[in-house]
Amino acid sequence: TNFNHMKSLKIELLRFMMSYKFALEEMNTKINILKQEFQYIHDYNPIEHVKSRLKAPESILNKVHRKGYKFSVKEIRENIRDIAGIRITCSYISDIYKISSMLQKQKDVKLIEIKDYIKNPKPNGYQSLHLIVQIPIFMSDREEQIFVEIQIRTIAMDFWASLEHKIYYKYNKEIPQHIKDELKEAAVTASQLDRKMEKLQEEMNQLKEEEDDNLQELRMY
Ligand code: 0O2
């Protein structure tokens, strides 16, 4: 029956989820290394925080249904690419692209797709950089290539996205236009704030460099 089929699929899914858990652990280690090394070399930490999550089996099945895929592990493995999800919150917009390129340069990270919702925000105002990558996971008897979705954003983008998600959560009716408009406005405000902070940071860095140069000159005498 359909019910039994769904039940056995769920058990199979739980086992299959394990490889995504390993992929998240691998990715978390990579990000942690970048964070520590960057701090050590540049005396600066571009990453504010990192959050990871495994998509719940229910959400996976919902997505399979929504997208019209077949209910098979093979189909899910090939098509649902955000089962393992990592969200990196950075200090500045420029940090987003730095982190993204540092991850892409790693030999075992295969870039599958990149969606730049910072250069091209979603119509509702959503901004973030999304990478879909594949990384190898080595197990006792096999190697698997696992999809991981990495979302990289600033604190302001994260603030907007988290609250927007909460505002809409579990509301299935049509959202009033003025609320949509004001949320979009809020996204624009968040993005202006990001640009302002970026500019201030650049100016400060320049001042610090000048200061360093002056100190060096002084030392030469
Ligand atoms: P959750 O709970 O975060 O897992 P698809 O993944 O196929 O449904 P698409 O367009 O291929 O959709 O993926 P896309 O646009 O890269 O976005 C997927 C994820 O980005 C979402 O995951 C959200 O986490 C985030 N996201 C995208 N658009 C918005 C938005 O308008 N507002 C907020 N708050 N988050 C957004 P899930 O699976 O929807 O949710």
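Trainee: How many bridges join strand β1 to β2, and do they run parallel or antiparallel?
Mentor: 7 bridges join β1 (residues 47–54) to β2, and the two run antiparallel. Strands are DSSP runs of E, at least two residues, and helices are runs of H or I, at least four, numbered from the N terminus. Two strands pair if DSSP finds at least two bridges between them. This is a predicted model: local features need pLDDT of at least 70, side-chain atom pairs count only at pLDDT 80 or more, and totals for chains, interfaces and linings use all residues. Residues are numbered from 1 along each chain as its sequence is written.

Trainee: Which residue in β2 is the bridge partner of K51?
Mentor: R87. R87 also has a bridge partner in β5, Q151. β2 and β5 pair in the parallel sense, over 6 bridges.

Trainee: How many residues of β2 are buried?
Mentor: 6 of its 7. Buried means 20 or more other C-beta atoms within 10 Å of the residue's own, with C-beta atoms placed from the backbone.

Trainee: Switching to the ligand. Which helix gives the most to the shell around it?
Mentor: Helix α5 (residues 155–168), with 3 residues. Residues around the ligand include K55, D82, H130, E164 and H165.

Terms used
Near = placed C-beta within 6 Å. Buried ≥ 20, exposed ≤ 12 C-beta atoms within 10 Å, placed from the backbone.
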